[in-house]
Amino acid sequence: MKEKVKFKVADEKSLDRTITRLAHEIVERCRGIDDVVLVGIRTRGEFVARRIAGKIEKIENVKMPVGVLDVVLYRDDIRIRTKIPKVQVSDIPFEIDDKTVILIDDVIYTGRTVRAALDALVDYGRPAKIQLAVLVDRGNREMPIKADYVGINLPVSVGEEIRVKMREVDGEDGIFIVEVVHESQY
Amino acid sequence: MNLSIKHLLGLEGVPKDDINTILDTAFSFREVLERPVKKVPTLQGKTVVNLFFEPSTRTRISFELAEKRLSADIVNFSASVSSLRKGESLKDTVQNILAMKVDTIVMRHSDPGAARLLTRFVDAVVINAGDGTHEHPTQALLDMMSMREKLGTLEKVNVAIVGDIKHSRVALSNIYGLTTMGANVVVCGPPTFIPFGIEKLGVKVMYDLDEVLQFADVVMVLRIQKERMGKGFFPSLREYRKQFGLTRERLEKVRRKLIIMHPGPMNRGVEIDSEVAESEHSIILHQVLNGVAVRMAVLFLLVGGKRG
């Protein structure tokens, strides 16, 4: 897959500020974080979740539980894809029963990943509440799903994509609008 | 992450990348088996037929669980209660079942090559669950997964397969798989149980088990079929145990860490002692758990997705 960077939306500093704000919002809206746990969606959602956890730990001075969810097995397009996606391990090392689970991803677009994640999550237990936090909302939803915490609203057209880069996997931090030349996935 | 193979008939000729993909995926599926709800919707709407022309307990249950955990619809068929009794051929039986629109056939059959034959006249994914004395690929995959889990790699690992190599589909599939993955394989057993020319598959033949235990990292003990006793293969169970049984006394002499495996069902007190099978070195029950995960991985990778 080839892509061309069209615009740099955020650099390392502003990405960090956005994550800081998200952390504050979560603590504020949950009125503390006693029964709050974070679950990041693989791949980049995990790292966004870990960074938000780091911020919350600084603000509230407690340890923040972070889980990781791989939603491949719950996707609604497995049946129609000829290319089979890679399945990775989900790791939620705590009970989610009666907790407020903050589901975290880097970008929300169609809403299908979040739908799959909701299905996956309820197989682990029955949370009191599930909320959604994303770094970027790019619009164009295909499902009735809305994020509770949004870093940046960034409506772009079909054909353009948002690329969130995280140091842990991409070697640098930043949010970019890119133009993608697609290879067919179907 | 697609495999290069379309069916799983054996491990002969299956490339290293495919084996790695299956094992990696299987490790991810292991986590699913630990969840409160041990089921994912991945194969919803797919139909799998389990065709067992030979008796089987663990393989059959393991496949059935794997299919259920992936939400596939399943149909079970066993030879003893079917039209085969009325003289129907394998081809007719299978084509009739396929006319009912199934996607996958998991088959155990007593004839070597039965699974391959099936692929010629059916349009479904075929998974070999054991064909006579030929291959039993999912067993070898779960064995390799268990070894990799304990040792971190298969590269350069010394694996000894002990017992009836000649009649064992588990041994043959393991030899193909392990040599592909870069392991060193030694086979050990009475000369009557070592097929002529087996060295050509890249394995070493040894006849002294004590010597083998001096360097092996993994010892895979095979089941001795009592029916073969007195037919020129070995004289008595006692004699077999003395020379090739993994006994407590024999193991006590070994001052190294060993991993002990057995594909089951075991003849306790013949090829393996109870104390050995239940010792800290043994990963026999672990193999069973990995069996479900590996079969989920194979099903997912071959049956999931649109066939293109």
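This is a predicted model: local features need pLDDT of at least 70, side-chain atom pairs count only at pLDDT 80 or more; totals for chains, interfaces and linings use all residues.
Trainee: Is B:Leu222 buried or exposed?

Mentor: A residue is buried if 20 or more other C-beta atoms lie within 10 Å of its own, and exposed if 12 or fewer do. B:Leu222 has 24 C-beta neighbours inside 10 Å, so B:Leu222 counts as buried.

Trainee: What separates the C-alpha atoms of B:Leu222 and B:Ile165?

Mentor: Among the residues that B:Leu222 touches are B:Asp164, B:Ser168 and B:Glu271, leaving out residues up to four places away in sequence. B:Ile165 is 57 residues apart from B:Leu222 along the chain. Their C-alpha atoms are separated by 7.9 Å.

Trainee: Is A:Asn61 buried or exposed?

Mentor: A:Asn61 lies in the loop between α2 and β3 (66-69) of chain A. Its phi is positive, about 60 degrees, although A:Asn61 is not a glycine. A:Asn61 has 7, so A:Asn61 is exposed.

Trainee: How many other C-beta atoms does A:Asp98 have within 10 Å?

Mentor: A:Asp98 is not a glycine, yet has a positive phi of about 60 degrees. A:Asp98 is found in the loop between β3 and β4 (100-108) of chain A. A:Asp98 is exposed, and the number of other C-beta atoms within 10 Å is 11.

Trainee: What is omega near for the peptide bond from B:Gly264 to B:Pro265?

Mentor: B:Pro265 has its place in the loop between β9 (259-261) and α10 (274-277) of chain B. The bond from B:Gly264 to B:Pro265 is cis. Its omega is near -10 degrees.

Trainee: Which are the edge strands of the open sheet in chain B?

Mentor: The sheet has 4 strands in the order β2-β1-β3-β4, with parallel pairing. An edge strand pairs on one side only. The edge strands are β2 (73-78) and β4 (125-131) of chain B.

Trainee: Which residue stands opposite B:Thr104 in β4(B)?

Mentor: Strand β3 (residues 104-109) of chain B pairs with β4(B) in the parallel sense, over 5 bridges. The residue in β4(B) that stands opposite B:Thr104 is B:Val125.

Trainee: Which element supplies the largest share of the side of domain 1 of chain B that touches domain 2 of chain B?

Mentor: Chain B is assigned domain 1 (16-133 + 288-303) and domain 2 (137-287). In their contact, 19 residues of domain 1 of chain B meet 17 residues of domain 2 of chain B. On the side of domain 1, α1 (16-32), β4 and α11 (284-303) of chain B each supply at least two residues. The largest share, 7 residues, comes from α11(B).

Trainee: How many charged residues has the side of chain A that touches chain B?

Mentor: The contact takes 19 residues from chain A and 19 residues from chain B. By class, the side of chain A has 9 nonpolar and 4 polar residues. The number of charged residues there is 6.

Conventions. Residues are numbered from 1 along each chain as its sequence is written. Chains are lettered from A and ligands numbered from 1 in the order in which they are written. Two residues are in contact if their C-beta atoms, placed from the backbone, lie within 7 Å. Ala, Val, Leu, Ile, Met, Phe, Trp, Tyr, Cys and Pro count as nonpolar, Asp, Glu, Lys and Arg as charged, and the others, Gly among them, as polar. Two strands pair if DSSP finds at least two bridges between them. Domain bounds come from an automatic or database domain assignment.
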